[in-house]
Amino acid sequence: MIAGIVVASLVTLLALVAPSAWLVVARRRALADPPPAQGRPELLEVAYLLGGRSRVVDTVIAGMCDDGRISVNESGKLKAERAVAYNPVERALLGRCGAEWSTSLRKVRTSLQFDPAVDALEGALVRRGMLVSPMAKQKWRRAADVQVGGLVLTAVGVVSLVLMPVTFVVPFVVLDFLVAGIVLRVLCRPAGPNAALPTPCGKAFINLTPATGPWSVRFSATHPEGIAGVVAVHGADGPEPDQVFLSQLRQAALSSTSAGSAGSYSKSAKKSSSSSASSSSHTSGGYACSGASSCSGHSGHSGHSSCSSSSCSSSSSSSSCGGGSSCSS
């Protein structure tokens, strides 16, 4: 009987300890600084890092409105003035614009966020060492799923040990390990499949760029990239508020936020009304246990090269993002 208790305890602990160790290793590898990469983030990559997809779209719209390639009126409609694009995202925007005031800024702003041209920005930032690669995030999520399975097996093992005679304190010891495993799962939960997860170097860049250096200014006249650069770093609320297109961008962003909140409330109400029949819970993506890092230097942006709507080219300046926990330019 004693031998059976020992074997059951060891198997139960192994089912918990091994997956938990894998989770810790997968999380550490995902959040570790990648090898040094050449090239600084460009304008739209900076916008993606600091504000996500919506910031990228706002940056493109602000830049193209500022140089007169598109126009936005006080009714929230836009039209193309000159079919000239400097990058794939601008080309995708022009493809959604017409020559008349018939295109809604709000709809364009929403649809452009999910264009493949915006998707490509994440891959570029992964190559620069600023974002965790999709493969690393997938391994992290797989390790977390296996660890959850280990928690379930450990819980079954605790119940089995309690039902065994003469088990003394063994079930309580295993229960302590189970609680520790649950805490580990909560602290080291992986990011969601669609979440952009910055590396330590990327996080340092995100923290420093809006606060120091030439890219931190809020006036388009003194920003290296003009009004588009101010929007990329600070959002549509950052620049001076005397532009019609900025006012419309703010209203479109506010409308999107309100619509998202209303949709969430509606879904919550439906779930609450059916909770008497069934209930379920979900855990949203995110991550903890992140490492610290230091970073010096700021972003620059490559010069544009004019191209038509059928071609696009750009060149970037080079810098270095060192391994370990530093990023330097």
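The structure is a predicted model, in which local features need pLDDT of at least 70 and side-chain atom pairs count only at pLDDT 80 or more, while totals for chains, interfaces and linings use all residues. Residues are numbered from 1 along each chain as its sequence is written, and side-chain values use heavy atoms, with hydrogens and water left out.

Three strands build an open sheet in the order β2-β3-β5, with antiparallel pairing. Here strands (E, at least two residues) and helices (H or I, at least four residues) are DSSP runs, numbered from the N terminus, and two strands pair if DSSP finds at least two bridges between them. The edges are taken by β2 (70-72) and β5 (103-104), each of which pairs on one side only.

Strand by strand, the pattern can be followed through the bridges. The antiparallel strands β2 and β3 are joined by three bridges, and Val-72 has Leu-78 in β3 as its bridge partner. Leu-78 also has a bridge partner in β5, namely Thr-103.

The helices come next. The axes of α2 (residues 43-66) and α3 (residues 88-96) come within 10 Å and cross at roughly 50°. The pair is therefore oblique, a word for angles that are not under 35 degrees (roughly parallel), over 145 (roughly antiparallel) or 65 to 115 (roughly perpendicular). Axes are lines fitted to C-alpha atoms, for helices over the stretch in contact, and angles run from 0 to 180 degrees between N-to-C directions.

Where the two helices meet, Leu-44, Val-56, Val-60, Ile-61 and Met-64 of α2 contact Val-89, Glu-90, Leu-93 and Leu-94 of α3, contact meaning heavy atoms within 4.5 Å. Eight of the residues in this contact are nonpolar, none is polar and one is charged. In this grouping, Ala, Val, Leu, Ile, Met, Phe, Trp, Tyr, Cys and Pro count as nonpolar, Asp, Glu, Lys and Arg as charged, and the others, Gly among them, as polar.

Finally, Leu-43 also lies in α2. Leu-43 is buried, with a relative accessible area of 7% (buried means under 20%, exposed over 50% and partly exposed in between, with a 1.4 Å probe and protein chains only).
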